[in-house]
Amino acid sequence: MSHTTESNSVDNASGFESLPLRSEILAAAEALGYSTMTPVQSQSLPTLIEGRDLIAQAKTGSGKTAAFAISLLNRLDESQYHTQALIVCPTRELAEQVAEEIRRLARGIPNVKTLTLCGGRPMGPQLASLKRAPHIVVGTPGRLLKHLEKQTLKINRVETLVLDEADRMLGMGFIEDIDDIDDYLPTTRQTLLFSATYPDEIAQLSASFQTDPVDIRIESETLNAQIKETFYKVDRVDRLQVILRLLALHKPESTLIFCNQKHQCEQLKDDLWDEKLHASALHGDMEQYERDRTLIQFSNKSSSILVATDVAARGLDINELDLVINFELSADPEVHIHRVGRTGRAGRTGTAASLVMGSEENRLAAINNYRGTAHASVSADTLPAWGQFKLYPPMVTLSIGGGKRDKLRPGDILGALTASKEIEGIAIGKITVLDKITYVAITQECAKKALSLLNDGKIKGKRYQARRLR
Ligand code: ADP
Ligand code: MG
C-alpha cells in the first residue's frame with residue numbers, strides 16, 4: 001500500500017532538528033537558514049530516513065533537492081570509498097545545482113566527495129576524478145552510461161538511487177538509458193523518484209524501478225494568487241510588437257519568455273537585440289559554455305530577458321522573475337502552469353502574460369478547463385506604445401581568463417576590484433568562478449573602471465585578461 005498525502009494536510013512547521021539526523025547535517029541546514037522544513041521535506045524525510053522508496057511530486061522550488069540530499073548524506077559512510085549514492089538528472093545545469101546543494105549540506109562532514117558526470121564536458125578530468133571512487137555521483141544519463149560501459153564508474157554498491165525531474169527525463173527520451181543504468185545497480189537499494197508532474201509514464205517508471213514506494217503529492221501546481229495573469233489576442237505578425245509593449249508596461253528587471261521551439265528562441269532573441277534589448281536564448285542546441293554564460297548573465301541581472309524552451313528552463317533555480325511571457329501557448333496545460341509558476345515565488349507578486357493567436361484559443365480553453373479558471377483573451381490595444389522606452393539591465397558581466405584551476409576565489413576578485421577603493425563593494429554583484437573562467441557582475445557605471453583595474457592589475461600576483469561580455 002502506498003500512502004498519498006494531500007496538499008491541504010497540515011504543514012507541521014518544524015525544523016530539521018525534530019528528525020534523527022547527524023549533527024553535521026543539522027548544523028549545515030541551520031547555517032543555510034533552513035529553519036523550517038518545506039512541506040515536501042517534512043512529509044518525505046521521516047520515511048526517507050527509514051530507507052523506504054519514495055515517489056514525490058511537488059512543484060519546482062519546493063525543496064526536493066534538500067529532501068533527498070539530507071537523507072542520502074545521513075545514510076552515507078564517508079570512511080568507505082565507494083559510490084553510495086547516484087543521482088540522475090535530465091540536464092547538466094540541474095546536475096550541477098543538485099551537486100552544489102549536496103556539497104552545501106555536506107559541508108560539516110569531512111572528506112565527502114561529490115562528483116558531477118555530465119555530457120558536453122571533456123572526459124579527461126572526469127576520468128581523473130574517478131580514480132578514487134566518489135561517495136556521491138550526480139550526472140546525466142548518457143554520460144553516466146558511458147562511464148559505466150568503460151567501467152570507470154562502479155555503482156554496484158549504491159544504496160540510494162535518485163531519479164530527479166523524472167518526468168523531464170522521460171520527455172527527453174532518457175528512459176532507455178535509465179533502464180541500462182539500472183543493470184549496473186544492485187537490486188537492493190533505496191530508489192527515490194522526484195517529478196513535478198505526474199503523467200502515466202511516471203507510474204510505470206515507478207512500478208518498474210521501485211518497491212512499495214511511499215507516495216507524496218504536494219499541491220499540483222495551481223495558480224498562485226500572487227500571480228496576475230493576462231492573455232492577449234494577437235496576430236502572428238504582431239507578436240514582437242506586443243512583447244515590446246508588455247515590456248513598456250511592466251518595466252521588468254528580469255523577464256523569462258517561453259517559446260515552444262528552439263528556432264523561435266533564436267529568432268525572438270535576434271528581434272529583441274534589433275530593438276536594442278539585451279536578450280539571451282536558452283535551449284538544448286547550445287554549447288555548454290554558452291548555456292553557463294547565458295544563465296550567469298541572466299541571474300546576475302546583466303541580461304534582462306531570457307528566451308527559453310521549456311526543457312532548457314525547467315527546474316532552473318532562477319528567483320526574482322518579474323514577468324513571464326508566453327510567446328506561444330503550450331498545448332499541455334500542465335506545462336503552462338509551470339511556466340507561469342516561475343514568477344511570483346517566495347511571497348512576491350508576479351505577472352504572467354500570454355500571447356494567444358486565433359489558432360491557439362483551444363489551448364487557452366484547455367488551460368481554463370484544466371485549472372477551473374475562466375480567462376478570456378483580451379485585446380492588446382490597451383498596452384502602452386513601445387515608443388522610446390528603454391530597458392537597460394542594471395549590471396554588466398565581466399569575464400576573467402582564470403578560474404578554479406588558477407586557485408582563484410570570489411574573494412580574490414572582490415579584493416582586486418576594491419583594493420584601490422575606487423569601486424565600492426556594493427557595486428559588485430555575483431562572482432562565479434568556474435574551472436577556467438570567472439564571471440563577475442558589476443554595475444553599469446563601474447564597469448569601465450573595473451575592466452581597467454582588472455586588466456592593468458594583478459590577481460594573486462598574476463595577470464589575467466578581462467573583458468566585458470556583450
Ligand atoms: P525543487 O527541486 O523542489 O525544485 P530546490 O531543491 O531546487 O527545489 O529548492 C529551491 C530553493 O529552496 C533552493 O534555493 C534551496 O536552497 C531552498 N530551500 C530548500 N529547503 C529549504 C528550507 N527548508 N528552508 C528554506 N529554503 C530552502
Ligand atoms: Mg529539483
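Which polar side-chain atom lies 2.6 Å from an oxygen atom of ligand 1? In this predicted model, that atom belongs to Thr65.

**View 1. Polar contacts around ligand 1.** Besides the oxygen atom of ligand 1 that lies 2.6 Å from a polar side-chain atom of Thr65, an oxygen atom of the ligand is 3.1 Å from a polar backbone atom of Ser62. A nitrogen atom of ligand 1 is placed 2.8 Å from an N or O atom in the side chain of Gln41. Ligand 1 taken alone exposes 570 Å², of which the protein buries 78%.

**View 2. The shell of residues around ligand 1.** The ligand is surrounded by 14 residues, and the closest of these are Tyr34, Thr36, Gln41, Gly61 and Thr65.

**View 3. Ile136 within the largest nonpolar core.** This core has 41 residues, and Leu73, Ile87, Ile136 and Val138 are those with the most contacts inside it. When neighbours within four places in sequence are left aside, the residues in contact with Ile136 include Leu72, Leu73, Leu76, Ala85 and Ile87, together with Ile102, Val112, Lys113, Thr114 and Leu115.

**View 4. The contact between domain 1 and domain 2.** The chain is divided into domain 1 (3-217), domain 2 (227-382) and domain 3 (395-468). The centres of domain 1 and domain 2, taken over C-alpha atoms, are separated by 30 Å, and the contact takes 15 residues from domain 1 and 12 residues from domain 2.

Definitions and conventions:
Residues are numbered from 1 along each chain as its sequence is written. Chains are lettered from A and ligands numbered from 1 in the order in which they are written. This is a predicted model: local features need pLDDT of at least 70, side-chain atom pairs count only at pLDDT 80 or more; totals for chains, interfaces and linings use all residues. Side-chain values use heavy atoms; hydrogens and water are left out. A nonpolar core is a set of buried Ala, Val, Leu, Ile, Met, Phe, Trp, Tyr and Cys residues joined through side-chain atoms within 4.5 Å. Buried means under 20% relative accessible area, exposed over 50%, partly exposed in between (1.4 Å probe, protein chains only). Contact means heavy atoms within 4.5 Å. A residue is near a molecule or strand if one of its heavy atoms lies within 4 Å of it. A polar contact is a pair of N or O atoms within 3.5 Å; within protein, one must be able to donate a hydrogen and the other to accept it, and residues adjacent in sequence count only if both atoms are side-chain atoms. Accessible areas come from the Shrake-Rupley method with a 1.4 Å probe; for residues, only the protein chains shown count as cover. Domain bounds come from an automatic or database domain assignment.
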